[in-house]
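Please keep the sequence and the model in view while reading.

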Amino acid sequence: TWHLKKIPQIVSKRTFSLDSPKFEAKTKLELNGVCGIECQRKLPVPSLSDLKDLLSYETIFENGTRTLTEVNVLGLVLDPAGNTTTRRSSRKKRQIYGTDSRFSIYDKRFMTNFPFNTAVKISTGCSGILISPKHVLTAAHCLHNGKDYVKGSKRLRVGLMKTKSRGDGRKRKGAKRNGMPSFQWTRVKSTHIPKGWFKGVSEDIALDYDYAVLELKRPHKRKYMELGISPTIKMMPGSMIHFSGFDNDRSGQLVYRFCSISDESNDLFYQYCDAEPGSTGSGVYLRLKEPNKKKWKRKIIAVYSGHQWVDVNGEQQDYNVAVRITPLKYAQICFWIHGNDENCAQG
């Protein structure tokens, strides 16, 4: 069951103008030297002032102007347990391990219907997911390498799937045969990235803040997926997660996969879903029952951060990692969507 949780409040304190970025960073689909499971266990619990700093955020606008918004965090109860991790099984794994368990979605009836139609393509080469009529959730490193914005993010666009309609005699540019999706591209009006991401990469700490929200210039009329608070592994049916994205090795195809979580920390899921670059930034979701109802509902509980090399016991090991939507991150993303915290009290 989806458990309702009281969400802390994130409120903006003040906003500063910053210099325009250079937009010279290269897009990196794999990050090296990030803090892994063992390293995370040793990290101190962030204090309230640390969290205010990490959850302050940059907004970059379509015209290249940039602001920094400092935030206050209200109603938060800090967990004294620290950055605990739960381990299920350990095995070394690659992006594709043994049999490739990904499914390419060809059938238009699936591709253009929920939940697959919530998957979008980001013009920098990543994937994302629709979370409101005007907002897309993706991974921060698709747009920023921790020091500067990536080259392609200056004129950022989001591709929503469409399939060629029958009776359209002219072959549209970019339309694919065999029911493969073509994309309707929409410009991005503004992008929010938490400050924790900038600090995270430069100081080689965790991937905990590898998420970003894009506001589209024009609203779409599609069904989007709501956010949910990420449950622990124990609370997931079969500990299974699902996500769809546009993997580079299957050009033009929407690729769906599901798998179980292997390890978790307070902010990250370590899992063995088969995934190639390009699917980074996909929304990870699961389906649970609504409280006091018989209906099931899918909600986004994490952002797929990609295939990462992490430090475990002093050795580099590779994992597929997803950033969990904690109550604090839920409050922040909800605040970015609505511009206030009134609609974000219950997760």
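## Strands, core and cavities

Strands β3 and β11 pair in the antiparallel sense over 5 bridges, where strands are DSSP runs of E with at least two residues, helices are DSSP runs of H or I with at least four, both are numbered from the N terminus, and pairing requires that DSSP finds at least two bridges between the two strands. Within this pair, Phe61 stands opposite Ser190 in β11.

This is a predicted model, in which local features need pLDDT of at least 70 and side-chain atom pairs count only at pLDDT 80 or more, while totals for chains, interfaces and linings use all residues. Residues are numbered from 1 along each chain as its sequence is written, and side-chain values use heavy atoms, with hydrogens and water left out.

The protein chain contains 5 helices and 18 strands. Of its 347 residues, 54% count as buried, meaning under 20% relative accessible area, with exposed set at over 50% and partly exposed in between (1.4 Å probe, protein chains only). Among contacts with a separation of 6 or more, 75% are between residues 24 or more positions apart, a contact being heavy atoms within 4.5 Å.

**Strands β3 and β4.** Strand β3 is mostly covered, with 4 of its 5 residues buried. It also pairs with β4 in the antiparallel sense over 4 bridges, and Glu58 has Leu68 of β4 as its bridge partner. The hairpin of β3 and β4 has 4 residues between the strands, and Gly64 takes a positive phi near 90° there. Thr67 lies in β4, which spans residues 66-74, and it counts as buried because its relative accessibility is 15%. Its contacts, leaving aside residues up to four places away in sequence, are Thr15, Phe16, Ser17, Leu18, Tyr57, Glu58, Thr59 and Phe61.

Strand β7 (residues 119-122) runs antiparallel to β8 and is joined to it by 3 bridges, with Ala119 opposite Ile129 in β8. Four residues lie between the strands in the hairpin of β7 and β8, where Gly125 takes a positive phi near 110°. Strand β8 pairs in turn with β9 (residues 135-138), again in the antiparallel sense, over 2 bridges, and Ile129 stands opposite Leu137 in β9. In a regular strand the side chains alternate between the two faces of the sheet. In β8 (residues 127-130), Ser127 and Ile129 point one way and Gly128 and Leu130 the other way, and all are buried.

**The nonpolar cores.** A nonpolar core is a set of buried Ala, Val, Leu, Ile, Met, Phe, Trp, Tyr and Cys residues joined through side-chain atoms within 4.5 Å. Which residues touch the most other members of the largest nonpolar core? Of its 67 residues, they are Leu55, Ile122, Ile131, Leu137, Val158 and Ile333. Helix α5 (residues 327-338) gives the largest share of this core, 8 residues. Apart from it lies another core of 17 residues, including Phe243, Leu288, Ala302 and Tyr304. Val158 has contacts that include Ile122, Trp185, Thr186 and Leu216. Thr186 itself is placed in β11 (residues 182-194) and counts as buried because its relative accessibility is 6%.

**The cavities.** A cavity is a set of points, on a 1 Å grid over the protein atoms alone, where a 1.4 Å probe fits but cannot get out, and its lining residues have an atom within 4 Å of a point. Grid points are joined across faces, edges and corners, and a volume is the space filled by probe spheres set on the points. A search of the whole structure finds 2 cavities of 30 Å³ or more. For the lining classes, Ala, Val, Leu, Ile, Met, Phe, Trp, Tyr, Cys and Pro count as nonpolar, Asp, Glu, Lys and Arg as charged, and the others, Gly among them, as polar.

| Cavity | Volume | Lining by class |
|---|---|---|
| Largest cavity | about 110 Å³ | 7 nonpolar, 5 polar and 3 charged residues |
| Second largest cavity | about 40 Å³ | 6 nonpolar, 4 polar and no charged residues |

The largest share of the lining of the largest cavity, 4 residues, comes from β11. The lining of the second largest cavity includes Ala119, Gly128, Ile129 and Phe243.

Note on methods
1 Å grid on protein atoms, 1.4 Å probe; cavity = no way out; pocket = protein on both sides within 12 Å on 5 of 7 lines; lining within 4 Å.
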